[in-house]
Amino acid sequence: IKMTDKQQHEGKKEQKPKEKKEEATKEGSSKETKAEKPKPNHFVRFKPTFTKTYGTVTVREFCDPKSIEGAPVLEGFPSISLSSILSAAYIREQLKLPLIGVISSSQFPTRAIIENGTPTHAVRIFGDHRLVVVTCEFELPNDKTVAAVGNALLDFVARHKSPYLFTTDGFPSGTDEEKPRFASTSKAFSVAMLEKEGLQPLEDAVTPGVTGYLLAEGGLIDTVSLGCLLSPTAPHLPDANAAVTVVQILSRFLKLDIDLKPLEEGARKLHQAVSKMSQQAGGNPSIDSAPSNLYL
């Protein structure tokens, strides 16, 4: 069937509005797509699901309690060494643990930690079903605050049915033959340290700070299994190698998949920097007397 010229001309007229309508629809959808593209929003407002005060210390938790039920806890408060800070921070970064709470106090230094665009209190709690890590980068001001923080940690472990509360510290050492020591209220942890790691228990010592309070108070509570690792450290020097040792032992005991290469490489570079500073300073005795393999 052949169409006349007039019919063909009228058909083309009818098609043009349709084509224009389709083009307009495409342009409209393109604009909508651009408008719907979300803008970066780094700030996150956390809603506490649990709040409790222990003396001058307040704990706020943001997570569903079931998400961390039964997870071991590692505290990273500093004492006579910095190995606790380094090891706790490295483990939480490697495991990519989310922020699940904060600890605040009028006795703490007034500061905020801003991470990923979100400000929080300086003492933070990270964790999931694998592990909970409490991080702190400053020394607590007095014994009353230490006791309040210790009680908060012990209550946290009891509420969340944590099988272990781990604490780390260091002890001064001037020999490269010294091995880490341990103290524990757990038979399973003690057996693992003695038989699998070849470590000896700490027999005669005075342990200060949060570590000391947790050991003393934890020994009176049947429901808390406490494990403490103490690594040899050189006075006046950073404790990168001690942190490597702590992370190695804890990752084996808890069967955590943690890559130690970045920490070991950082320890090596730190040792080189300290050695260079020692040479430039003309040989500082405290640095020269340190073990030669401290950061290897």
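Welcome to this structure: in helix 6, the buried residues are Ala240, Asn241, Ala242, Ala243, Val244, Val246, Val247, Ile249, Leu250 and Ser251. Keep in mind as you look around that this is a predicted model.

**The protein as a whole**
- Of the 296 residues in the protein, 42% are buried.
- The protein exposes about 17300 Å², and 53% of that area is supplied by carbon and sulfur atoms.
- Take the contacts between residues at least 6 apart in sequence: 73% of them join residues at least 24 apart.

**Helix 6**
- Helix 6 covers residues 240-254, which makes 15 residues.
- An α-helix has 3.6 residues a turn, so residues three or four places apart point the same way.
- Among the buried residues of this helix are Val246 and Leu250.
- Just after helix 6 comes Lys255, which has a positive phi of about 60°.

**Arg92**
- You will find Arg92 in helix 2, which runs over residues 83-94.
- Arg92 has a relative accessible area of 11%, which is under 20%, so this residue counts as buried.
- The side chains of Arg92 and Glu115 are joined by a polar contact of 2.9 Å.
- Beyond its neighbours within four places in sequence, Arg92 is in contact with Leu97, Glu115, Arg124, Phe126 and Val133.

Methods. Residues are numbered from 1 along each chain as its sequence is written. This is a predicted model: local features need pLDDT of at least 70, side-chain atom pairs count only at pLDDT 80 or more; totals for chains, interfaces and linings use all residues. Side-chain values use heavy atoms; hydrogens and water are left out. Helices (H or I, at least four residues) and strands (E, at least two) are DSSP runs, numbered from the N terminus. Buried means under 20% relative accessible area, exposed over 50%, partly exposed in between (1.4 Å probe, protein chains only). A polar contact is a pair of N or O atoms within 3.5 Å; within protein, one must be able to donate a hydrogen and the other to accept it, and residues adjacent in sequence count only if both atoms are side-chain atoms. Contact means heavy atoms within 4.5 Å. Accessible areas come from the Shrake-Rupley method with a 1.4 Å probe; for residues, only the protein chains shown count as cover. The expected span of a helix is 1.5 Å times one less than its number of residues.
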